[in-house]
Amino acid sequence: MITILLIVLTLVAVFVIVKLIDKFVPQSKKWIFTILFWVLAIVVGKALYDSIMEPIEFKKTKEVRYAKVIENLRDIRDAEIAHKTVTGKYSGDWDALVKFIDTAKYTLTQRRDSTVIDKEKTRLYGGVEFKKDIVIVDTLGYVPVKDSLFKTSDRYRTMMNVPFAKEGTKFKMNAGEIGDEDIKTPVFEAFVLKNDILHDQPKDFVIKENLIRSVEAVNGNAIRVGSMEDIKTNGNWPKTYGNNE
């Protein structure tokens, strides 16, 4: 709306200036004002063009960067879930998590139903044979976590580095437990501030981005997956960036 208003005001101003020059400036000196007019028109036109294109370019840049950041967060989540599956807890250390992927293996099992003699009940009833149903878990083999999650890729070795951020910027990662003393549940989170992702973008746009609230946007001042307060492993990005669960 502001841009449209500026365009209208500029056109009105140009029209008025042209009329004033035509009415009050001698013909021999009009060329001076013509040059000044064209310089002014170029400056104003450039300013208007920038005011229209800057938000569009920022949106494109933001979406490209967010998409890449979210790819890393998905890898981090997959690695953390694998860590919990094998060890029973999440990892809060990058080196330990990478080492886990390099060395850990999933155990492949098969569950099958079976019936056996209930020895305790048979004994209590003087030898009258009783049976009970049980579930037998057979170990079929082992599969490396790396092969299962990343195939032949080694991108997990750099998944902690924030794309497009300043060199050396890593995702913040925490792991722990929540709940009372009797029931503890493992939790983790990984996140990066939008300021780090958009460090080289116009500051006023970044400030607005940190305050955004929309079902079609990444709300808040960070892109994150998991939580240290709630039992969840989903990300805070909208479905437009792909599955967040």
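Three strands make up an open sheet here, in the order 3-4-5, with antiparallel pairing (strands are DSSP E runs of at least two residues, helices are H or I runs of at least four, both numbered from the N terminus; two strands pair if DSSP finds at least two bridges between them). Strand 3 (172-178) and strand 5 sit at the edges with a single partner strand each, so one side of each has no neighbour in the sheet. From one strand to the next the twist averages 15°, with axes being lines fitted to C-alpha atoms and angles running from 0 to 180 degrees between N-to-C directions.

Before going further, keep in mind that this is a predicted model: local features need pLDDT of at least 70, side-chain atom pairs count only at pLDDT 80 or more, and totals for chains, interfaces and linings use all residues. Residues are numbered from 1 along each chain as its sequence is written, and side-chain values use heavy atoms, with hydrogens and water left out.

Back to the sheet. Strand 4 (residues 185-193) and strand 5 run antiparallel and are joined by six bridges. Phe191 has Arg224 of strand 5 as its bridge partner, while Phe188 is partnered with Ser227 in strand 5. Strand 5 (residues 222-227) is largely enclosed by the rest of the structure, because five of its six residues are buried (buried is under 20% relative accessible area, exposed is over 50%, partly exposed is in between, using a 1.4 Å probe and protein chains only).

Arg224 also does something with its side chain: a salt bridge to Glu189, at 3.4 Å from N to O (the cut-off is a side-chain nitrogen of Lys or Arg within 4 Å of a carboxyl oxygen of Asp or Glu). Glu189 is buried at 11% relative accessible area, whereas Arg224 counts as partly exposed at 27%.Across the whole structure, a search finds nine salt bridges. One of them pairs Asp102 with Arg157, with the closest N and O atoms 3.0 Å apart. Asp102 belongs to helix 3 and Arg157 to the loop between helix 5 (145-150) and strand 3, so this pair ties together parts that are 55 residues apart in sequence. Both ends count as partly exposed: Asp102 has 34% relative accessibility and Arg157 has 43%. A local example is Arg123 with Glu120, at 2.7 Å from N to O. These two residues are both in helix 4 (residues 119-124), three residues apart, about one turn of the helix. Arg123 is exposed at 55%, and Glu120 is partly exposed at 45%. There's also a network of salt bridges linking Lys62, Lys194 and Glu209.

At the start of helix 3, a side-chain oxygen of Asp93 comes to within 3.2 Å of the backbone nitrogen of Asp95.

Last stop: Asp75, in helix 2 (residues 30-87). Asp75 is buried, at 8% relative accessible area. Setting aside neighbours within four places in sequence, Asp75 is in contact (heavy atoms within 4.5 Å) with Phe150, Arg155 and Met159.

Methods:
A polar contact is a pair of N or O atoms within 3.5 Å; within protein, one must be able to donate a hydrogen and the other to accept it, and residues adjacent in sequence count only if both atoms are side-chain atoms.
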